[in-house]
Amino acid sequence: MRNRQSQMPRRSLPPAEDQAARFARQREADRTATAEDYVELIADLLRVEGEARAVDLARRMGVSQATVTATVGRLQRDGLVETKPYRGLFLTDAGTEMATTAKARHDLVVRFLIAVGLDPETAEQDAEGLEHHASDKALAAFARFLAERDG
């Protein structure tokens with residue numbers, strides 16, 4: 001009986017520096033994903049409900065209030081979020097810009113996934129991860145594909 005490794009197609013490894021750069025980009029995307037998710041949700045809550053409170057973030061993110069408090073503290077240090085006593089959370093200009101960019105990227109990925117045959121619910125779910133990890137080149141290719149298809 002052959003083992004699984006012998007059944008896998010052979011491919012060469014990229015140069016170590018290239019592979020390290022790829023992994024570094026993915027780690028950076030993981031770090032920024034949380035900030036982008038938070039500012040995007042804060043923007044949505046402010047737009048729809050007129051306020052964004054830590055308790056609402058915890059409920060909608062499925063995390064504890066302690067996690068929200070720690071993350072919001074980091075977002076404040078990064079200049080993305082402001083808190084006002086008894087008034088909840090607000091985005092700075094930098095936070096609003098990040099939220100706008102993240103929302104546009106999310107919408108593009110969802111539209112692309114639907115265009116290639118995915119159902120809307122799955123496209124929304126999958127876009128939550130893909131939007132943070134797709135390169136600018138990939139996003140530009142998605143946009144070109146949609147423009148050509150709709151054009």
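In this report a strand is a DSSP run of type E with at least two residues, and strands are numbered from the N terminus. By that definition, Gly88 belongs to strand β2, which covers residues 88-91. The model described here is predicted.

**Surroundings of Gly88**

Leaving aside residues up to four places away in sequence, Gly88 touches Ala52, Glu82 and Thr83. Gly88 and Leu46 are 42 residues apart along the chain, and their C-alpha atoms are separated by 9.9 Å.

**Helix packing**

Two packed helices are described by the angle between their axes and the distance between the axes. Two such pairs are set out below.

| Helix pair | Angle | Axis distance | 
|---|---|---|
| α3 and α4 | about 115 degrees | 9 Å |
| α5 and α6 | about 130 degrees | 8 Å |

Angles of 65 to 115 degrees count as roughly perpendicular, and α3 and α4 are therefore roughly perpendicular to each other. Their crossing is right-handed. On the α3 side the contact is made by Ala54, Val55, Leu57 and Ala58, and on the α4 side by Gln65, Val68 and Val72. By class, this contact of α3 with α4 has six nonpolar residues, one polar residue and no charged residues.

The crossing of α5 and α6 is right-handed. From α5, the residues in contact are Ala102, Arg105, His106, Val109, Val110, Leu113 and Ile114; from α6 they are Pro120, Ala123, Glu124, Asp126, Ala127, Glu128, Leu130, Glu131 and His132. The contact of α5 with α6 comprises nine nonpolar, two polar and five charged residues.

**The second largest pocket**

The second largest pocket has a volume of about 200 Å³. Its lining consists of Asp37, Glu40, Leu41, Asp44, Arg60, Met61, Lys103, His106, Glu124 and Glu128. Two or more of the lining residues are given by each of α2 (16-49), α3 (54-61), α5 (93-115) and α6 (120-133). The largest share, four residues, comes from α2. By class, the lining of the second largest pocket divides into seven charged, two nonpolar and one polar residue.

Definitions and conventions: Residues are numbered from 1 along each chain as its sequence is written. This is a predicted model: local features need pLDDT of at least 70, side-chain atom pairs count only at pLDDT 80 or more; totals for chains, interfaces and linings use all residues. Side-chain values use heavy atoms; hydrogens and water are left out. On a 1 Å grid over the protein atoms alone, a cavity is a set of points where a 1.4 Å probe fits but cannot get out, and a pocket is an open set with protein on both sides within 12 Å along at least five of seven lines; lining residues have an atom within 4 Å of a point. Grid points are joined across faces, edges and corners, and a volume is the space filled by probe spheres set on the points. Ala, Val, Leu, Ile, Met, Phe, Trp, Tyr, Cys and Pro count as nonpolar, Asp, Glu, Lys and Arg as charged, and the others, Gly among them, as polar. Axes are lines fitted to C-alpha atoms, for helices over the stretch in contact, and angles run from 0 to 180 degrees between N-to-C directions. Angles under 35 degrees count as roughly parallel, over 145 as roughly antiparallel, 65 to 115 as roughly perpendicular and the rest as oblique. A crossing is left-handed if the near helix is turned anticlockwise from the far one by less than a right angle, and right-handed if clockwise. Contact means heavy atoms within 4.5 Å.
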